[in-house]
Amino acid sequence: MAPRGSKIEGSTRVVGILGDPLDHTLSPRMHNAAFRELELDYAYVPLRTTARRLKEAVRSITTLGFAGVNVTVPFKRAVMRHMDKLTDTAKAVGAVNTIHPEGNKLIGENTDAPGLTAALSAAGFRPRGKNVLVIGAGGAARAAVWALASAGAIDIIIANRTVSKAKKLAREMARRGSMIQATGLDSLEDFDLLDSRQLVVNSTPLGLKGETLEYDIDSTQPDCIHFDLAYGDKLTPFLKQASAKKRPIIDGRYMLVHQGALSFKLFTGRKAPLETMARAIGLKV
Ligand code: NAP
């Protein structure tokens, strides 16, 4: 008999990822490697849907008996209204990336934020008391700003193409202890702002689309960490630029593997085999 996790049988529990597009997601590769490693009778599949059919798609999680699903671009906020319950983290971040059923109820969780904190921690970076720049103000930026503010970053600047969105995010995330300000992308050429940062997080998908971010990296300190949440099979253009300037870098796949490990525990009740998941997407931990 084939080992569990290597073959789909009638008994196999199904987990998936809801999004559109899904061609570039590394989540199926990562989770299926973990199921094989632990010999679990689970399979992880892509579940592409449209905004119009999202409600039906979400309801099918219980109808079809899924063990859970991840949610990716562009549905992380839109799925929230279809949940029976949101965890405190999902509510505070304002996005859901993991749905797991409890009986007939759907619970919306956010593992992106703790996944980002874990990736920073694994790289030896402690946000407490630090000055940070977050580029972008979408779903990934929400997780980043919330995680950084919760971990005690003292000064967070959100720079976004649409300044009104950055302002809205800054207002929503305002909390005691962190100063959160919003600016436009012209700040990416502001010497004083860049010189004072210990961490720059790119949360735009730019670069992966072949577009470039006008960014004066020379104004940052040599030890300023550059973290790109967008990821591919190789280094993104943002990280290549940082690497060429000898700045320390964190690849978005580290956040992916840590958020994935937390989701895996919710789907299976088992501790995730982190090294196996990391290796499956080309990383070492
Ligand atoms: P999103 O909600 O669509 O937000 C995209 C952000 O990028 C917005 O702030 C948008 O600015 C900005 N942007 C898009 N195109 C731009 C352009 N041409 N020029 C300047 N700014 C531009 O997407 P998201 O959910 O935040 O995801 C962003 C990236 O993070 C994706 O690549 C996603 O795969 C990645 N991500 C990775 C992980 C991980 O585990 N590593 C987790 C979550 C997300 P406007 O507001 O002006 O439109």
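## Salt bridges: rule and count

A salt bridge here is a side-chain nitrogen of Lys or Arg within 4 Å of a carboxyl oxygen of Asp or Glu. By that rule, this predicted model holds 11 salt bridges.

## D20 and R48

The side chains of D20 and R48 form one of these bridges, with an N to O distance of 2.6 Å. The pair links distant parts of the chain, 28 residues apart. D20 sits in the loop between strand 1 (13-19) and helix 1 (27-37). R48 belongs to strand 2 (residues 42-48).

How exposed are the two partners, D20 and R48? D20 is partly exposed, at a relative accessible area of 26%. R48 is exposed, at 59%.

## R29 and D233

R29 pairs with D233 in a salt bridge, and their closest N and O atoms are 3.5 Å apart. R29 is in helix 1, while D233 is in the loop between strand 11 and helix 8 (237-244). The bridge therefore ties together parts that are 204 residues apart in sequence. R29 is partly exposed, with a relative accessible area of 42%.

Helix 1 also holds E37. E37 is partly exposed, and its relative accessible area is 47%. The C-alpha atoms of E37 and M277 are separated by 9.2 Å, although the two residues are 240 apart along the chain.

R59 comes from helix 2. D84 comes from the loop between strand 3 (68-71) and strand 4 (85-86). The pair thus ties together parts 25 residues apart in sequence. Both ends are partly exposed: R59 has a relative accessible area of 32%, and D84 has 38%.

Helix 2 spans residues 54-63. Its buried residues are L54, A57, V58 and I61. Seen down the helix axis, these buried residues fall within an arc of 95°, so they line one face of helix 2. The spacing has a simple background. An α-helix has 3.6 residues a turn, so residues three or four places apart point the same way.

What does the face of helix 2 turned away from the buried side carry? The exposed residues K55 and T63 are found there. R59 is neither buried nor exposed but partly exposed, because its relative accessible area of 32% lies between the cut-offs of 20% and 50%.

## A negative surface patch

Five acidic residues gather on the surface in a patch of negative charge: D186, E189, D190, D192 and E214. Two of its members, D190 and E214, are placed here in more detail.

D190 is in the loop between strand 9 (179-183) and helix 7 (191-195). D190 is partly exposed, with a relative accessible area of 33%. The C-alpha atoms of D190 and T220 are separated by 10.0 Å, and the two residues are 30 apart along the chain. E214 lies in another setting, the loop between strand 10 (199-202) and strand 11 (225-228). Buried or exposed? E214 is exposed, with a relative accessible area of 57%.

How values were computed: Residues are numbered from 1 along each chain as its sequence is written. This is a predicted model: local features need pLDDT of at least 70, side-chain atom pairs count only at pLDDT 80 or more; totals for chains, interfaces and linings use all residues. Side-chain values use heavy atoms; hydrogens and water are left out. Patches are made of residues with over 30% relative accessible area and no salt bridge: like charges are joined within 9 Å, nonpolar side chains (Val, Leu, Ile, Met, Phe, Trp, Tyr) within 5 Å. Accessible areas come from the Shrake-Rupley method with a 1.4 Å probe; for residues, only the protein chains shown count as cover. Lys and Arg count as positive and Asp and Glu as negative; His and the chain ends are not counted. The place of a charge is taken as NZ of Lys, CZ of Arg, CG of Asp or CD of Glu. Helices (H or I, at least four residues) and strands (E, at least two) are DSSP runs, numbered from the N terminus. Buried means under 20% relative accessible area, exposed over 50%, partly exposed in between (1.4 Å probe, protein chains only). The arc is that of the directions from the helix axis to the C-beta atoms.
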